[in-house]
Amino acid sequence: MRITIPKKMLIGSFMIIFMVLVVSVFSVSTIYQLNRISEGLVFRNDTIKSQGKKLQELVLSMQESEKKLVLLKDEEYHQVFTDSAEEFGMTLGSLRRLVTDADVAEIIEKTGGLFGTYQYIFRNAISEGGDESIRRLESVSPLNEDLVDRIIASVDEALLVNEKNIHASLSQLETKGATAEKIAVVISGLSIVIGVLIYFYLSRTITRPIQLLDRATHHVSEGEFDHQVPIDSQDEFGALARSFNEMGARLKELDELKSDFISLVSHELRTPLSVMREAVSLLKDEILGKIGEKQREFLGILSQEVERMILFVNELLDLSRLEAGRLPIEKLPLDVKEVIEKNLTKIKPLLLEKRIEAEVALSPHLPLVLADGIRVDQVLTNLIDNAIKFTPSGGKICIIADVSDGRGGEDGRQAKSSKGNQKYVRVTVCDNGEGIKDDEKRYIFDKFYQARAGKSGKAKGSGLGLSISKRIVEAHGGNIWFTSSPDEGTFFHFTLPTQK
Ligand SMILES: Nc1ncnc2c1ncn2[C@@H]1O[C@H](COP(=O)(O)OP(=O)(O)OP(=O)(O)O)[C@@H](O)[C@H]1O
Ligand SMILES: [Mg+2]
């Protein structure tokens, strides 16, 4: 099932609301129940107390009526006795219904029995009528007095036991209240934990995909079109990730198509350009007949332009081969010192022409590197060519070679840790030219990128040199990086792993 982000947030919020409701309902219902029970207990206790007192008053009134009957021999007191006895019976009945505790009920029953005996003795004595009944009543009077005392004592006992029971029930209620309080605290704690978990789950389902997409965007911007976003969720982020991955695949296809096209075009251009170079050379050397000064001048320009075209086409071809991993790189033991010295011979006329001084510092015990000589020469030529190109007449360049413990690239982006104890030869080409502006530094290794024309005007070249150099150095397991400022000029460094 597809659970969207709003649905996830809705479910999360509902869970939190549900937990809060559970805590509230539990607390409110427990408080209500406890209140009801304690109110019931207090009411019952009060009623039982008043009914007990009433029983005691009634039995005393019966005793008084009995005494007055004996003393005054007035039949009216017989009636008062009977009325009190009837009310006593009714009160006792309502007390029986009110009492729920077995021990109190037992005492009430005992009281009822004593009352029954008292009533029986009275009725029995009075049944004869006339003076005889008064006399018999007088004779049982001590017995009746004792019975009344026992009834009063029995009611007192019932009230006492009832009071004790009520106290016991109230302390039980207190324990229940404390337990309910603990349960409410535990449920509240659980709710907080669940709430926090829901928060983390939701924020993770949102922030993690954003981080992954951000990383993937960075990879794609670096040209790694086949970088996949590993999100397989069924929500909006999953859909976005699938579209992103499809876009990456499409970009890769287009990039391959473009590389193939460039490779094909440059390949096809190479042969006619070589033919043109040969033809110009034949014409210039007057093999096909004599030429005049004007023709020689034009042929010179033509020759220069054809050379430039051939260089450009070769660079294009190299780059597309490097991108496709099809440029043959033959790694053999190589003396970097030799490559540098050959290059120095090559650039001597250029240095003289621009009155640029070259400072060379080569470490005396430079180890051999494992590299393709032609490709290393290509990198070095481009770096030296750039240094001369972007340094005004009378400037200075330097070429340094020494040993380094790691691949280098201290500026962070190019930095990668070295493997074990692998040593590297580090070559530095520097100049005190115009430098590279901060906002252009990140594009310098991009294909076709040429910084905005500085003091030296529009630079000659195609902007492919550094892009090719970077790929060549990395294909050897080395690194290339630079530092540059307008005041100090530019320092390009590259490393190559030494032979073990
Ligand atoms: N030493 C340097 N000083 C100042 N800017 C430089 C230096 N080296 C390179 N750059 C800048 O970097 C850009 C790219 O250099 P890159 O070598 O790739 O291309 P290019 O020299 O212009 O052309 P190509 O090398 O293909 O003939 C240059 O156009 C220049 O703006
Ligand atoms: Mg260049």
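**Figure 1. Gly12 in helix α1 of the predicted model.** Gly12 belongs to helix α1. What does Gly12 touch beyond the residues up to four places away in sequence? The partners are Ile198 and Leu202. Gly12 and Ile198 stand 186 residues apart in sequence. In space, their C-alpha atoms are 6.0 Å apart. Is Gly12 buried, exposed or partly exposed? Gly12 has 18 other C-beta atoms within 10 Å. Burial needs 20 or more, and exposure 12 or fewer, so a residue in between is partly exposed. Gly12 is therefore partly exposed.

Figure 2. Along the principal axes, the C-alpha atoms fill a box of roughly 185 × 45 × 40 Å. Of the 500 residues, 21% are buried. Among contacts with a separation of 6 or more, 72% join residues 24 or more positions apart.

**Figure 3. Lys73 in the loop between α1 and α2.** Helix α1 spans 5–72 and α2 spans 76–98. Lys73 sits in the loop between them. Most residues other than glycine have a negative phi. Lys73 has 12 C-beta neighbours inside 10 Å, so Lys73 counts as exposed. The cut-off for an exposed residue is 12 or fewer.

**Figure 4. Arg355 in the loop between α7 and β2.** Helix α7 covers 336–354, and strand β2 covers 357–362. Arg355 lies in the loop that separates them. Which residues does Arg355 contact, leaving aside neighbours within four places in sequence? They are Ser393 and Gly394. Arg355 and Gly395 are 40 residues apart along the chain. Their C-alpha atoms are separated by 7.3 Å. Arg355 has 10 other C-beta atoms within 10 Å and is therefore exposed.

**Figure 5. The packing of α8 against α9.** The two helices pack at an angle of about 145°. Their axes are 9 Å apart. The crossing of α8 and α9 is left-handed. Which residues make the contact? Helix α8 supplies Arg375, Gln378, Val379, Asn382, Leu383 and Asn386. Helix α9 supplies Gly465, Leu466, Ile468, Ser469, Ile472 and Val473. By class, the contact has 6 nonpolar, 5 polar and 1 charged.

**Figure 6. The shell around ligand 1.** The shell divides into 9 nonpolar, 11 polar and 3 charged residues. Gly465 and Leu466 also take part in the contact of α9 with α8.

**Figure 7. Phe448 in the loop between β5 and α9.** Strand β5 runs over 424–431. Phe448 is found in the loop between β5 and α9. Phi of Phe448 is near 60°. This is a positive value in a residue other than glycine. Is Phe448 buried or exposed? Phe448 counts as exposed, because 11 C-beta neighbours lie inside 10 Å.

Technical notes
Residues are numbered from 1 along each chain as its sequence is written. Chains are lettered from A and ligands numbered from 1 in the order in which they are written. This is a predicted model: local features need pLDDT of at least 70, side-chain atom pairs count only at pLDDT 80 or more; totals for chains, interfaces and linings use all residues. A residue is near a molecule or strand if its C-beta atom, placed from the backbone, lies within 6 Å of it. Ala, Val, Leu, Ile, Met, Phe, Trp, Tyr, Cys and Pro count as nonpolar, Asp, Glu, Lys and Arg as charged, and the others, Gly among them, as polar. Two residues are in contact if their C-beta atoms, placed from the backbone, lie within 7 Å. Axes are lines fitted to C-alpha atoms, for helices over the stretch in contact, and angles run from 0 to 180 degrees between N-to-C directions. Helices (H or I, at least four residues) and strands (E, at least two) are DSSP runs, numbered from the N terminus. A crossing is left-handed if the near helix is turned anticlockwise from the far one by less than a right angle, and right-handed if clockwise.
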